[in-house]
Amino acid sequence: MIGNRTPRLLLLAVALGVTVSGVMLSVFYGQYHWLAEQIVDASSAEYNLQVEASFERQSHTQLQSAAESIRDVVTGARESDIFLALNTVLIENEILTGVRYTNAANQSFDAGNISQTTVPEASIWLARRLIITLPIVVDGAEIGVLSGAFDLSELNAQTDRFTAEITNTEITSRRASYLWAGAGTLAALLLLGAVVWLVVRDQTNRIRQLKVQAEKLRDADFGEPMVLSRHDELGELAAVFNDMRHQLRQTTHSRDYVDSLLSGMNEAIIVTGSDGKISRINTATTHLLGYEEDELLGTSIDYIVNTNKGRSLADDSPSGLPKEATFESKYGESVPVSYTCSVVEDEKGGSSRRIYAAQNITERQRAEKRIRYLARIDPLTKIPNRMQFQHLLQRGIARARRAGKTLCLFYIDIDHFKEINDTFGHLAGDTTLETVAERLRSALPQHAIIGRLAGDEFAVFIGELRPDEKGIVETSELAQTLLDRLADPFFVHGHEVFMTASLGIGYYPKDAPNVIDLIRNADAALYHAKKSGGNVFSFYAPRMNAASVERLMTKSKLKRAFERDELLVHYQPKYNLETGDVFGAEALVRWELPDRGIVLPSDFIPIAEDSNLIIDIGEWVLDKVCEDFRLWQRSVPSPGRVSVNLSLKQLRQLNFVSRINSILRGHEVSPTSLELEITETTLMENPERTIKMLDQLYGLGLHLAIDDFGTGYSSLSALQQFPISTLKIDRSFVRDMVNNPDDATIVDTIIQMGRNMNMDVVAEGVEDESQLIFLQKLGCTYVQGLLVGAPMSSDNYLELLLAHADGTDTYRALFA
């Protein structure tokens with residue numbers, strides 16, 4: 001039927017196309033002809049405006065140039081010169097047909113042919129000429145106007161040529177448009193016929209597609225759904241076919257689809273039947289176990305399970321929770337896995353198949369093992385860490401309790417370990433800790449347990465060491481052996497390093513019944529050993545706990561006292577031995593507790609050093625000294641030089657010099673009024689860095705002194721490198737110098753050394769007149785001690801300065 005309707009449809013389409021084309025051509029011709037005339041007129045007008053504007057600008061420029069060229073001629077010149085200049089302008093400009101100059105007296109001078117009609121500072125367009133008038137200005141005053149007539153013949157010819165060209169172009173374009181319109185109409189007719197033919201062919205193809213789709217469904221080949229191009233009768237039929245295909249595909253399992261899904265999974269998938277035999281595996285299973293699929297099909301699931309390390313999977317009850325098992329590969333390797341088991345029931349509800357999904361957990365178990373190791377073992381020294389050591393000690397105490405035996409604990413700490421870290425770097429510190437652990441292992445019995453409790457703190461517990469007379473001897477011998485072994489020098493980065501340690505000893509059950517108390521008491525014994533100077537061991541005694549508690553309380557109270565501004569600064573005067581004048585004072589920090597009285601610096605300064613509070617205290621002391629110094633200056637012109645002690649930790653600060661400079665500037669105190677005291681040991685801790693820092697301080701104007709000189713190990717050659725101006729003789733030499741020839745020799749040597757190096761020498765700890773007289777004989781410069789003044793408050797020191805100025809100072813008589 002479609003074949004019969006095709007000629008009729010073609011005839012109808014052609015007739016309709018011819019009619020529509022005729023109407024369109026008529027409309028196109030009328031519209032195009034009118035539009036072409038409008039475009040030609042508009043283009044000619046726009047072109048004329050552009051050409052005229054360009055010509056006017058060019059003419060204006062030429063006339064401006066002519067005005068500038070005759071400006072000097074027309075000023076006070078003769079008429080003949082003016083005419084000559086105008087003619088010259090006329091000759092130099094080809095399109096200029098005439099020029100007129102009119103001066104301020106309205107006298108005109110013409111050259112060439114120019115209209116009588118001109119307008120000042122304007123342009124006049126005539127039929128064949130353009131008249132332009134410009135003023136001539138000299139020194140800001142208009143002396144006349146210049147008018148020029150420009151020939152328009154060339155301009156008019158140019159616009160006529162453009163109009164003719166655009167008209168010819170429009171005619172040519174119109175003819176071409178007619179041809180294109182005719183060709184387009186013919187093409188439209190052909191296209192219309194082609195469209196009709198395509199429609200007929202499309203309908204035929206769609207019917208053929210429906211036939212092919214029906215044949216595919218008959219053969220259970222679902223393929224791709226048909227494309228619904230239109231919603232007509234054939235489109236509705238295709239939609240019915242698509243619905244049928246979708247329903248059939250939903251109710252039919254595709255083996256290829258399941259296989260591709262299983263192959264793409266990273267987990268090993270194993271499917272078994274109700275008898276526990278493997279019916280299907282995926283690619284991940286072959287990679288995990290090394291078997292090919294045909295090697296496992298039909299075998300029991302337990303064939304790949306290492307039942308020696310776990311139970312049978314065939315008898316395992318299904319669960320959604322992951323479980324662990326050990327598979328055995330084709331090559332006999334054990335593979336730990338985490339698996340889940342699911343059951344696929346048949347239509348009757350019975351268990352027909354099981355699906356096992358397994359993951360290789362070898363890496364996870366390795367990571368867990370590493371984590372457990374790191375949780376118990378110190379990674380640097382490879383010995384038990386604090387938690388593991390306490391656990392082992394708890395077990396050791398439990399065994400000793402059941403057996404009625406004793407146990408001995410050694411608490412070991414490296415002396416001055418931070419100095420090794422700061423001097424040679426953290427890598428050297430790590431090497432030191434490794435060396436300590438190695439030496440402990442080599443020096444201790446095999447059954448001893450070693451642990452690292454903190455940074456440089458180690459612990460050892462040993463059974464069979466008793467707190468009786470014989471056991472204490474054995475313990476002492478072992479402790480001394482450990483200290484001697486640890487004291488052996490070793491090399492770090494080519495430098496020989498000397499290391500010592502302190503050791504505290506505690507017994508179970510004599511000193512403590514449990515782990516916590518035993519470690520705490522051994523730590524108290526360790527602190528007692530370190531307080532004794534280090535490189536020694538100490539047995540725990542109950543009184544040591546009181547000292548540890550006292551130290552902890554002192555540390556807490558010190559921090560609170562500093563925060564509450566409860567510390568004091570006292571000043572001990574220094575006198576000139578020759579004149580008896582007050583030379584200055586040393587600033588000494590004091591701490592007074594209501595329930596204890598004055599706390600000696602030797603009791604709290606080491607605590608401040610350990611807690612880094614010494615940095616804040618040192619800065620506060622310097623600030624307080626500057627504040628007091630400014631107060632003294634209001635009453636006494638020259639309060640003398642005040643010395644302030646510096647700690648090693650202060651010198652280690654990177655911004656130490658800038659902080660001191662800031663404090664001095666803040667109080668407007670001259671740096672020459674202060675003296676910084678540094679111990680000999682601090683001075684030699686890092687000579688290269690210390691020299692640079694002291695040079696900076698010396699550059700500010702500060703005086704520098706070595707405190708407790710003679711107690712260190714600095715050589716004279718090393719001493720000469722530092723910008724030191726004062727030596728302070730340690731009180732230990734001054735105390736017995738009158739009766740002890742050796743001390744007298746040391747004091748005399750230091751005084752002579754100071755003189756030879758142009759340094760001041762201060763003797764500390766002068767407490768009786770015999771010492772004063774002896775120092776005078778030796779030629780010492782300054783003295784300081786209880787004989788000439790105890791440490792006093794800022795107000796009392798000011799009173800001393802005022803009394804000294806009035807001549808009522810009671811200490812002056814000592815120097816008479």
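Modeller: The following account begins with the sheet and then turns to salt bridges and aromatic rings. Please bear in mind throughout that this is a predicted model.

The sheet is open and consists of five strands, arranged in the order 12-13-11-16-17 with mixed pairing. At its edges are strand 12 (449-452) and strand 17 (537-539), each of which pairs on one side only. On average, neighbouring strands of this sheet are turned by 20° against each other, direction being ignored. In general, the strands of a sheet pair through backbone hydrogen bonds, in either a parallel or an antiparallel manner. Here, strand 11 (residues 407-414) and strand 13 (residues 457-463) run antiparallel and are joined by seven bridges. Within this pairing, Ile412 stands opposite Phe458 of strand 13.

Helices accompany these strands. Helix 9 (residues 386-403) packs on the sheet, where it touches strand 11, strand 12, strand 13 and strand 16 (501-508). The direction of helix 9 makes about 20° with that of strand 13. Helix 11 (residues 426-443) lies across strand 11, strand 12 and strand 13, and runs at about 10° to strand 13.

In the whole structure, a search finds 13 aromatic pairs. One of them is formed by Tyr101 and Phe109, whose ring centres are 6.0 Å apart with planes at 20°, so that pair is stacked. Tyr101 counts as buried at 2% relative accessibility, and Phe109 is buried with a relative accessible area of 3%. Elsewhere, Tyr571, Phe629, Trp632 and Tyr797 form one aromatic cluster.

Salt bridges complete the picture. The whole structure contains 21 of them according to the search. In one of these, the side chains of Asp517 and Arg520 meet at 2.8 Å, N to O. Both residues belong to helix 13 (residues 515-531), and because they are three residues apart there, about one helical turn separates them. Asp517 is partly exposed at 22% relative accessibility, and Arg520 is partly exposed at 44%.

A further salt bridge links Glu668 with Arg630, with the closest N and O atoms 3.8 Å apart. Glu668 lies in the loop between helix 18 (656-667) and strand 22 (674-679), whereas Arg630 lies in helix 16 (residues 613-633), so the pair ties together parts that are 38 residues apart in sequence. Glu668 is exposed, with a relative accessible area of 59%, while Arg630 is partly exposed, with 32%.

Two more cases may be noted. The side chains of Arg735 and Asp736 meet in a salt bridge of 3.8 Å, N to O, and Asp736 is partly exposed, with a relative accessible area of 33%. Finally, Glu586, Glu677, Lys728 and Glu764 are linked in a network of salt bridges.

Terms used. Residues are numbered from 1 along each chain as its sequence is written. This is a predicted model: local features need pLDDT of at least 70, side-chain atom pairs count only at pLDDT 80 or more; totals for chains, interfaces and linings use all residues. Side-chain values use heavy atoms; hydrogens and water are left out. Two strands pair if DSSP finds at least two bridges between them. Helices (H or I, at least four residues) and strands (E, at least two) are DSSP runs, numbered from the N terminus. Axes are lines fitted to C-alpha atoms, for helices over the stretch in contact, and angles run from 0 to 180 degrees between N-to-C directions. Contact means heavy atoms within 4.5 Å. A salt bridge is a side-chain nitrogen of Lys or Arg within 4 Å of a carboxyl oxygen of Asp or Glu. Buried means under 20% relative accessible area, exposed over 50%, partly exposed in between (1.4 Å probe, protein chains only). Rings of Phe, Tyr and Trp (its six-membered ring) pair if their centres lie within 6.5 Å; planes under 30 degrees apart count as stacked, over 60 as edge-to-face and the rest as tilted.
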